[in-house]
Amino acid sequence: MRRLILRRAAQALPVLLGITVVTFSMVHLVPGDPARALAGQRATPQILASIRHQLGIDKPLLAQYWHFISGLPRGKLGYSFLLHQTTDALVLARLPTTLFLVSYGVLIAIVLGVPLALVSAVRKESLIDHGVKGTLVVGLGLPSFWIGLLLVGFLALRLGWFPAGGAGSGLIGHLWHLFLPALTLALSFLAVLVRNLRASLIEVMDTDFVSLAVLKGISRSRLYTRHVLRNALIPAVTIIGLNLSYLLGASVVVESVFSVDGVGNTLVNAVLSRDYQLVQGLALVFGVLVLLITLTVDIIQAALSPRGEVA
Amino acid sequence: MTAAHRGLPAQPRPPQGPRILRRPVLRASAVVPFLRGRERTSMMIGLALFGIVLLSAVFAPLISTYSPTALNPVAALQAPGAAHFFGTDQFGRDIFARTVYAARIDLIIAFSLVSTAFVIGTALGVVAGWAGGVLDSILMRIVDVALAFPFLVLVISIVGLRGPGLFSLYVAVSVVSWVFYARLVRSEVRQLRHAEYMLAAKASDYSTLRVLGRHLLPNVIIQPLVYASSDLVYALLLGASVSYLGLGVQPPTPEWGQMVQDGSTFIGAQWWLSFFPGAAIVVTAVAFSLIGDGLAALAREGSAR
């Protein structure tokens, strides 16, 4: 197990290096002079020079890169000139909200998706199955910003059942405030989850041990919960793991719709206000987060796999 | 059972070219057997929906008598009715006209994003898979790094750094989205490299360009094509999302995502501002999905025979 973890970590290292190179070069994609973009057209040469010094762009490129990555192990991600805060402080304060939102969304997707997939797989090619499939085609094409906005308009503003924005405080407040955003996120992911889960459930139901269980005469409910669903769990975990990167991306839009103070909404605002260093720092955080998630899913999968350590 | 086994005189075998020179797939006969039953129905629905969207985009001026950008403060925020099918926005602009005209820009965005990624990704995938070695390793490491970011995060960041606008959107998506095609095509190429007909083509001393273009490409192109047809859904949603965030198409050009954003402040009472452009996205996305599923089924059928 330890060897597996070490090997996977070693494979992830070049990718990590690549992530730092990409995010580092982001600031150099800015057309024109970043210092002038920050300071405005009427800035004096002295001010421009001092901003360049603060941004560190008055040094040679390699020195800049070294400065950038040497700060990372100590958690130095840069400074937001507009929010007057370090990026690391912002991330520490706002990342938990985003992670909470994504986990909440995954949970809702599972609660909605598992029964749908089960019904659809058990009654394969029935009217219900076709109904579910048709709904999924529509679900796949739902823009999350639109469905989120409709939920706000109808459930929050018209009926007043839910708050229209913000993240609330405390666990109950979080669950309450983030229900609509999490539901929106879940809906954008539901189609993919149900499609894959249905396929793997059907696969499990065609196996010999399920036929044996049927022959032994166990009850329907026991068959589905103990034998079928349990074996479809590993593919379900894989589907969710593979899509966490997508969900993090989707959370950016959802946070923006519901004005939730997570890292996604911060990224959008940073982009809109041209806070380049903040954009750079947040992109790096997202990249590292996905890398860690992929690594964890890989290791969990290997641990769950009955064949043991397959590379 | 051949004829000889049943005690009958063996029939002369029909004349057949050397087996190694036959190239499978992408022949009309492999694609012609049309879909049947439910798959056929959903493909038809998809094509019909897409036809409606495409025709309204092309004939927008004929379908709507109103201008999509003309201001008319007297008729601001009118509910959907006989005069304005989809109602009007806060400036009195006709939502129906704007939704119909927006189909133009949204379709162009979706198709150009997908075709750019398709062309670049397929070309690089063929090169990587064919050349192997260092070139392959470098390209695949780039793919790994690009996939390490949430797609939307990378696109938004690049758009933001270049400054909002349609061109930035094209640049940002082109920089990233080719990797999906490259990875797909590369693995196909690596499987086909040592196929008999490829060896035959190489042995015939054809130029590399001819081997790749005439013999390899027709056989690896099906997978990325099928992928591209479902990718249209994502490209459509991506373009609309980025514009919704205010980073893509800029006003006053009507675009669905941006129209949803425009109406968001009125969502409590004047729901129609955001509802109809969003519904147009869903209809178009469903059309793309159904067509994509149909093409995937066709490809499966084609490769099965």
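This is a predicted model: local features need pLDDT of at least 70, side-chain atom pairs count only at pLDDT 80 or more; totals for chains, interfaces and linings use all residues.

Reader: At what angle do the axes of α1(A) and α14(A) cross, and within what distance do they come?

Author: They come within 10 Å and cross at roughly 165 degrees. Angles over 145 degrees count as roughly antiparallel, and α1(A) and α14(A) are therefore roughly antiparallel to each other. The crossing of these two helices is right-handed.

Reader: Which residues of α1(A) and α14(A) meet?

Author: On the α1(A) side, the list includes A:L4, A:I5, A:R8, A:A12 and A:M26. On the α14(A) side, it includes A:V279, A:A283, A:L284, A:D298 and A:A302. The residues of this contact divide into 16 nonpolar, four polar and two charged.

Reader: How is a helix pair read when the helices belong to two chains?

Author: In the manner already described. The axes of α14(A) and α6(B) come within 10 Å and cross at roughly 165 degrees. That makes α14(A) roughly antiparallel to α6(B).

Reader: Is the crossing of α14(A) and α6(B) left-handed or right-handed?

Author: The crossing of α14(A) and α6(B) is left-handed. In α14(A), the residues that take part are A:Y276, A:V279, A:A283 and A:F286. They meet B:V153, B:L154, B:S157, B:G160 and B:L161 in α6(B). This contact divides into seven nonpolar residues, two polar and no charged.

Reader: A:V279 came up in both pairs. What does A:V279 touch?

Author: Leaving out residues up to four places away in sequence, A:V279 touches A:M26, A:L267, A:A270 and A:V271 in chain A. In chain B, A:V279 touches B:S157, B:G160 and B:L161.

Reader: How should I think about a nonpolar core?

Author: In soluble globular proteins, nonpolar side chains tend to be buried together. Here the largest nonpolar core has 150 residues. Those with the most contacts inside this core are A:L267, A:V279, B:V155, B:I156 and B:L236. Helix α4 of chain B, residues 95–131, gives the most to the core, with 17 residues.

Reader: How many residues does each chain bring to the contact between the chains?

Author: The contact takes 39 residues from chain B and 42 residues from chain A. On the side of chain B, α5 (133–147), α6 (151–162), α10 (222–244) and α12 (272–304) each supply at least two residues. Of the helices of chain B, α6(B) gives the most to this side, with 10 residues. The residues on the side of chain B that touches chain A divide into 26 nonpolar, 10 polar and three charged.

Reader: Now each chain as a whole. What secondary structure does chain A have?

Author: Chain A has 14 helices and two strands. Its C-alpha atoms fill a box of roughly 85 × 55 × 35 Å, taken along the principal axes. Of the 311 residues in chain A, 35% are buried. Among contacts in chain A with a separation of 6 or more, residues 24 or more positions apart account for 70%.

Reader: How many helices and strands does chain B have?

Author: Chain B has 12 helices and zero strands. Buried residues make up 44% of its 305 residues. Of the contacts in chain B between residues at least 6 apart in sequence, 71% join residues at least 24 apart.

Reader: Why does B:A75 count as partly exposed?

Author: Counting neighbours settles that. A residue is buried if 20 or more other C-beta atoms lie within 10 Å of its own, and exposed if 12 or fewer do. B:A75 has 17 C-beta neighbours inside 10 Å, so B:A75 counts as partly exposed. B:A75 sits in the loop between α3 (60–63) and α4 of chain B. Not counting residues up to four places away in sequence, B:A75 touches B:T88 and B:G92.

Reader: Is B:T65 buried or exposed?

Author: B:T65 is exposed, with 9 other C-beta atoms within 10 Å. B:T65 is also found in the loop between α3 and α4 of chain B.

Reader: How do separation in sequence and separation in space compare?

Author: Take two pairs, C-alpha to C-alpha. B:T65 and B:F96 are 31 residues apart in sequence and 9.8 Å apart in space. B:A75 and B:G37 are 38 residues apart in sequence and 49 Å apart in space.

Notes: Residues are numbered from 1 along each chain as its sequence is written. Chains are lettered from A and ligands numbered from 1 in the order in which they are written. Axes are lines fitted to C-alpha atoms, for helices over the stretch in contact, and angles run from 0 to 180 degrees between N-to-C directions. Helices (H or I, at least four residues) and strands (E, at least two) are DSSP runs, numbered from the N terminus. Angles under 35 degrees count as roughly parallel, over 145 as roughly antiparallel, 65 to 115 as roughly perpendicular and the rest as oblique. A crossing is left-handed if the near helix is turned anticlockwise from the far one by less than a right angle, and right-handed if clockwise. Two residues are in contact if their C-beta atoms, placed from the backbone, lie within 7 Å. Ala, Val, Leu, Ile, Met, Phe, Trp, Tyr, Cys and Pro count as nonpolar, Asp, Glu, Lys and Arg as charged, and the others, Gly among them, as polar. A nonpolar core is a set of buried Ala, Val, Leu, Ile, Met, Phe, Trp, Tyr and Cys residues joined through C-beta atoms within 7 Å.
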